Amino acid sequence: MDRHRFRSPLNRAMGLGSAKAGFGHWWTERITAVALIPLSVWFAASLIAHSGSNYQTFIGWMGSPIPAALMILLLITLFWHAALGLQVVIEDYVHSSAQIWMLLATRFACFALAATGIVSTLRIAIGAWAAN
Amino acid sequence: LPTGKAEEWIVENVPSRHVRPLSPNIQIYQPQLTSVLSIANRIAGVLLSACAVVLVGWLIAAASGPEVYLRFHDLIASWPGQILLLIGTFAFFLHLCGGIRHLVWDTVRGFELRQIYASGWMVVAASVVLTLVCWFASLLIVGQG
């Protein structure tokens, strides 16, 4: 991550912009957004293509290496992006003491959901491999 | 300085603590494409986070075997499920197109007022068209299968 291209030394010296981790947050939100463009479009297109598929066809496809890997990448970037976005929404609109608890809960939920999704995908992939 | 005096001194002398007039409430502004799309992008993002929970539920169902998967599938195929899926599809394309618009803005392009309105209407039109295309394609494939 090359921060110097995005923040001039003068800006940093004058204390303009974020004094803390704001730039990292903003930048990570962009990286995950760019990654999500191809990953989410791939996922939407795959869902449409499998609209009429039965369980076995669908599982056989999802369990093959490339779709399973893309699914795991999608889950990581999706929940990372969601955690960052929801954090900003909570910081902007929740001003009571509930804020810190909501921030903690959303962050934990995003990690837990990503982990659960990844384990499920791996289970489908291992099941498909064992069936062959 | 006594405690009360210190606070008084800070309010008078520290610019960030001056008592400033508050901005008018958001309700008195006429809704504009720019502001509506801005908040719509956030709402769509929050909605998509809820959809992401459903996505994980769907993966758990798929990993649990055909019976659980079929039960989940029936839930999605019910008409409340289909309406939520339609809203989710539209939210997905609105957030995708709106996000691409934001990424273009991050390169310091497209800030002329006319360009902002042009890209805004493009986001709206593309989201509607892509949602319809997806649903027609999906229904066509289901019909053939």
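In the predicted model, helix H2 of chain B packs within its own chain against helix H5 (residues 113-144) of chain B, the two axes coming within 10 Å and crossing at roughly 50°. At that angle H2(B) is oblique to H5(B), and the crossing is left-handed. H2(B) contributes B:Leu33, B:Thr34 and B:Leu37 to this contact, while H5(B) contributes B:Ile116, B:Tyr117, B:Gly120, B:Trp121 and B:Val124.

H2(B) itself has 32 residues. The distance from its first C-alpha to its last is 45 Å, close to the 46 Å expected at 1.5 Å a residue. The residue that follows H2(B) is B:Gly65, with a positive phi near 115°.

H2(B), which spans residues 33-64, also packs against helix H5 (residues 98-131) of chain A. Here the axes lie 9 Å apart and the packing angle is about 30°. Because angles under 35 degrees count as roughly parallel, H5(A) is roughly parallel to H2(B). H5(A) passes H2(B) in a left-handed crossing. On the chain A side, the residues of H5(A) that meet H2(B) are A:Leu113, A:Thr116, A:Gly117, A:Ser120, A:Thr121, A:Arg123 and A:Ile124. Their counterparts in H2(B) are B:Val53, B:Val56, B:Leu59, B:Ile60, B:Ala62 and B:Ala63. The contact of H5(A) with H2(B) comprises eight nonpolar residues, four polar residues and one charged residue.

Another helix of chain A, H3 (residues 55-62), has an axis that comes within 11 Å of that of H2(B), with a crossing of roughly 105°. H3(A) and H2(B) are therefore roughly perpendicular to each other. In this contact A:Tyr55, A:Phe58, A:Ile59 and A:Met62 of H3(A) meet B:Trp58, B:Leu59 and B:Ala62 of H2(B). The residues in the contact of H3(A) with H2(B) are seven nonpolar, with no polar and no charged ones. B:Leu59 and B:Ala62 are also among the residues of H2(B) that meet H5(A).

For the interface as a whole, the contact between the chains takes 35 residues from chain A and 27 residues from chain B. The size of an interface is often given as the accessible area lost when the parts come together. The area buried between chain A and chain B is about 2600 Å², and carbon and sulfur atoms give 77% of this area. Within chain A, the residues that lose the most area to chain B are A:Ile48, A:Ser51 and A:Tyr55, which together account for 22% of what that side buries. Of these, A:Tyr55 is also one of the residues of H3(A) that meet H2(B).

Note on methods:
Residues numbered from 1 in each chain as written. Chains lettered and ligands numbered in written order. Predicted model: local features only at pLDDT ≥ 70, side-chain atom pairs only at ≥ 80, totals over all residues. Heavy atoms only, no water. Axes fitted to C-alpha atoms, helices over the stretch in contact; angles between N-to-C directions. Helix = DSSP H or I, 4+ residues; strand = E, 2+ residues; numbered from the N terminus. Parallel < 35°, antiparallel > 145°, perpendicular 65-115°, else oblique. Left-handed = near helix turned anticlockwise from the far one by under 90°. Contact = heavy atoms within 4.5 Å. Nonpolar A, V, L, I, M, F, W, Y, C, P; charged D, E, K, R; others polar. Expected span 1.5 Å × (residues − 1). Buried area = accessible area lost by both parts, 1.4 Å probe.
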